[in-house]
Amino acid sequence: MIEIQHLSKQFGKLQVLKDINLTCEPGQCIALIGPNGCGKTTLIKCILGMVIPSSGSIMFRQKNIARDFAYRHHIGYMPQKGRFPDNMTIGQVIEMIKNIRGKKEEQDDELIEAFSLNEIMDKKMRTLSGGTTQKVSASLAFLFKPEALILDEPTAGLDPIAAEILKEKIIAENKKGKLIFITSHMLSELDDLVTQVILMQDGGIRFHMPTALLKEQTKTLSLTKAITHILKHDHVQ
Amino acid sequence: MFNKIQKFILFDILRNRIVIAYTVLLSILTWSVFSLEDESYKGVLTLLNIVLLTTPLICIIFTTIYLYNSAEFIELMLSQPIRRSKIWTGLFLGLFLSLALAFLIGAGIPILLFVSGKIASILLIMGILITAVFVALGFLSAILTRDKAKGIGSSILLWLFFSLLFDGIVLFLLFQLSDYPIEKIMVGISALNPIDLARIFIILQLDVSAMLGYTGAIFKDFFGTGPGTMIGFSLLCIWVILPYLISLRMFVKKDL
């Protein structure tokens, strides 16, 4: 569904992404992990077309995304830190996005209801706490039933109950055959979600393999242990 | 889709307190100028100088600040299936239309009431063109730097340059080179400043260009004729289109 070939990105002299090659299929749930500043968010923003790659190509459903915008109909994005116009209310933001997308598209209000956003629709975005802003971001990402979901640190800032609701939603959507792309530092949280792991280091992909294989190779039972094992022993091919 | 973004931005700006204050300010200035001067052409001259000072300043600074403040909005729109150029055009049209509307309501109504037909229409057209030029320049300085303080600073410098420094430099050159026949070159130099272009247009309409001396006669020879008017008008349009297109090109390629 997403095919990335020889993707590189430079910000001035700083090389953020180095020759990334990656293929993602529908139904996969991919964890993108790596230390801070290794290029995870830049990679995600490249897929979304928010950052323009220096070289290389990204294909979404066999179509190059460069200079295209329509493909974003099929992507739901939840940013690391949702930023919304300050003086709009939650209801206005949701209404505006619905308006822009066109009412024809089918909608999925499940998260709006689960987070009980309906009761605070007329609150201004400026007055919301970080967690509530994340709830709005999450609801918007799932609202149009996209085929691919890109979630940048989805549970950071959410309270345990909300995090659980979101996790269940992610699992449910994944079971419907949607591609899910998650970055997170909370490895223990990802354990029961992901089917594939990508470890990024210094702007390159260290490895990309199914979770089961990873656990088998490292002879560990949890993702946390497997990753720490690799980082300590440095031996996985 | 395009109209929705544009409409949304337009309503957002029209509710903005600064735009309302700008409308009120313009209308107070215009009404008081026309009630103080008994001859309307004198009023037009006074008004000309006030409008050519305030309109560019407010347009360029408001545009720059608004663009920096809508960083969140732009980011949100970018993750939606919308062409980047549509977002930028929507912002431009929203800002331009609301500021032009403010000008038309604030200054336009008294101008239409006090000034005779042809001069009034030239005044209004020039006011709207100057609004467009400085909104476009605001877009340029907002895209050139990520830093808000630097962006607003460069906007203020641009305004200072076009409304004060430029004339100073021209005067300096006139005195230094007064032994040479530079009158024709002056016509060319005035094209480099949109505010001067607008001023010349209106002064030539008022038949007070005799006050400009020999240079005024040359201006009248050039801008007073049909083709000259067309050239002056297109030059002002270029002052809108060029900065805007440069900013659009940069926005389409920008990393956010």
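These entries record what I looked up in a predicted model.

**Chain A, overall.** I began with the secondary structure of chain A and found eight helices and 10 strands. Along the principal axes, I noted a C-alpha trace spanning about 55 × 40 × 35 Å. I also looked up burial: 41% of the 237 residues of chain A count as buried. Among contacts in chain A between residues at least 6 apart in sequence, I found that 72% join residues at least 24 apart.

**Strand β6 of chain A.** I next examined β6, residues 75–78 of chain A. In a regular strand, side chains alternate between the two faces of the sheet. I found both faces of β6(A) covered: I75(A) and Y77(A) are buried on one side, and G76(A) and M78(A) are buried on the other. For its pairing, I recorded four bridges to β7(A), residues 148–152, with the two strands running parallel. I located A148(A) of β7(A) opposite I75(A).

**Interface.** I counted 17 residues of chain A in contact with 18 residues of chain B. On the chain A side, helix α2(A), residues 90–101, supplies the largest share, five residues. I classed the residues of that side as 12 nonpolar, two polar and three charged.

**S178(B).** I placed S178(B) in the loop between α7 (148–176) and α8 (183–190) of chain B. From S178(B) to F233(B), I recorded 55 residues in sequence and 29 Å in space, C-alpha to C-alpha.

Note on methods. Residues are numbered from 1 along each chain as its sequence is written. Chains are lettered from A and ligands numbered from 1 in the order in which they are written. This is a predicted model: local features need pLDDT of at least 70, side-chain atom pairs count only at pLDDT 80 or more; totals for chains, interfaces and linings use all residues. Two residues are in contact if their C-beta atoms, placed from the backbone, lie within 7 Å. Ala, Val, Leu, Ile, Met, Phe, Trp, Tyr, Cys and Pro count as nonpolar, Asp, Glu, Lys and Arg as charged, and the others, Gly among them, as polar. A residue is buried if 20 or more other C-beta atoms lie within 10 Å of its own, exposed if 12 or fewer, and partly exposed in between; C-beta atoms are placed from the backbone. Two strands pair if DSSP finds at least two bridges between them.
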